[in-house]
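User: I have a model open and would like to go through its packing and pairing with you. Could we start with the helices?

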Amino acid sequence: DETRDREPLYVYLMSRMPGITQLDFVLTHDFPQDSPEYFPLRQNFIGDIAQFVFSESWPSILASTDMFPSFFARSWLAPQAVSHEYRNGLKNSYIRDLKLLHRSLPCRFQMVIQTCLASIEDIMSLPLVLAHKDFGACNLLVDETSYPLKGVIDWAEAVVCPFGLNLHSLQAFTGTMHLRNGLSR
C-alpha cells in the first residue's frame with residue numbers, strides 16, 4: 001500500500017563485457033608504444049578497428065559476439081535509414097557550426113573551413129551510420145594479453161551521421177603524443 005503512489009524502480013541487468021580498456025592495456029605494459037614488442041599488438045588492434053574484410057560470411061561474422069572484426073566496416077555495411085527532414089537538419093546544423101567557426105577562428109583556419117563548407121554535399125552523400133561520439137581509449141575494450149578489440153562501450157552520445165565523422169579518433173591509436181615532439185606515427 002505504501003508503494004501505490006510511488007513510481008516503480010526499474011533494474012536493468014547486462015552481462016559484463018570481457019577485456020580491459022585500451023588505456024589500461026597501454027598503462028599496464030612496460031614497453032613503449034613505439035617499441036618492436038608493441039608493434040604486433042598494435043597491428044592486431046588497428047586491424048580489428050579499421051580493416052575492411054569483404055567475404056560471403058559477413059552476416060555470420062556480424063552476428064557473432066565472440067569476435068569483433070572491423071568496427072568501422074560494421075558501420076559502413078549497416079547504413080541507417082533516416083527521413084529527408086533528419087538529413088536536411090543534420091546538413092543545416094553542420095553548415096551553421098562551420099559558419100560559426102569561420103567567423104570565430106583565426107585566419108589560418110579559414111581555408112580549411114571553406115573547404116569543408118564547399119564539400120558539404122559530398123559529406124552528406126556518404127552513408128548515414130551509427131557513430132560513437134567518444135571513440136577513445138577509455139571506451140574500447142581489448143583482450144588483456146593479445147590486444148584485439150573485444151567491444152565498444154559508452155554509447156550515450158551515439159548519433160546517426162555521415163560515415164567517417166569519427167575517423168579522427170584513429171589518429172590517437174596510430175601514433176603517440178609526446179610533449180616535446182608532438183605526434184609521432
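User: Which residues in α5 meet α6?
Analyst: This is a predicted model. In it, I95, L98, K99, L101 and H102 of α5 are in contact with Q110, I113, Q114, C116 and L117 of α6. By class, this contact is made of 6 nonpolar, 3 polar and 1 charged residues.

User: What is the angle between α5 and α6, and how far apart are their axes?
Analyst: Helix α5, residues 84–104, packs against helix α6, residues 110–118, at an angle of about 165°. Their axes lie 9 Å apart.

User: And why are they called roughly antiparallel?
Analyst: Angles over 145 degrees count as roughly antiparallel, and the angle here is about 165°. The two helices α5 and α6 are therefore roughly antiparallel to each other.

User: Is the crossing left-handed or right-handed?
Analyst: The crossing of α5 past α6 is left-handed.

User: Changing topic to the strands. What is the order in the open sheet?
Analyst: The open sheet has 3 strands in the order β1-β3-β4, and the pairing is antiparallel. Its edge strands are β1 (20–21) and β4, each of which pairs on one side only.

User: How many bridges join β3 to β4?
Analyst: There are 3 bridges between β3, residues 140–142, and β4, residues 149–152. Within this pair, V142 stands opposite L149 of β4.

User: What about the hairpin; which residue takes a positive phi there?
Analyst: That residue is Y147, with a phi near 75°. The hairpin of β3 and β4 has 6 residues between the strands.

User: Now S75. Where does it lie, and is it buried or exposed?
Analyst: S75 belongs to helix α4, residues 71–76. The cut-off for buried is under 20% relative accessible area, so S75, at 11% relative accessibility, counts as buried.

User: What does S75 touch?
Analyst: Leaving aside residues up to four places away in sequence, S75 touches V129, L130 and F163.

User: Last one: where is L165?
Analyst: L165 sits in the loop between β5 (159–162) and α8 (170–173). At 38% relative accessibility, L165 counts as partly exposed.

User: How far is L165 from I123?
Analyst: The C-alpha atoms of L165 and I123 are 9.1 Å apart in space, while the two residues are 42 residues apart in sequence.

Methods
Residues numbered from 1 in each chain as written. Predicted model: local features only at pLDDT ≥ 70, side-chain atom pairs only at ≥ 80, totals over all residues. Heavy atoms only, no water. Pairing = 2+ DSSP bridges. Helix = DSSP H or I, 4+ residues; strand = E, 2+ residues; numbered from the N terminus. Axes fitted to C-alpha atoms, helices over the stretch in contact; angles between N-to-C directions. Parallel < 35°, antiparallel > 145°, perpendicular 65-115°, else oblique. Left-handed = near helix turned anticlockwise from the far one by under 90°. Contact = heavy atoms within 4.5 Å. Nonpolar A, V, L, I, M, F, W, Y, C, P; charged D, E, K, R; others polar. Buried < 20%, exposed > 50% of the residue type's maximum accessible area, 1.4 Å probe, protein only.
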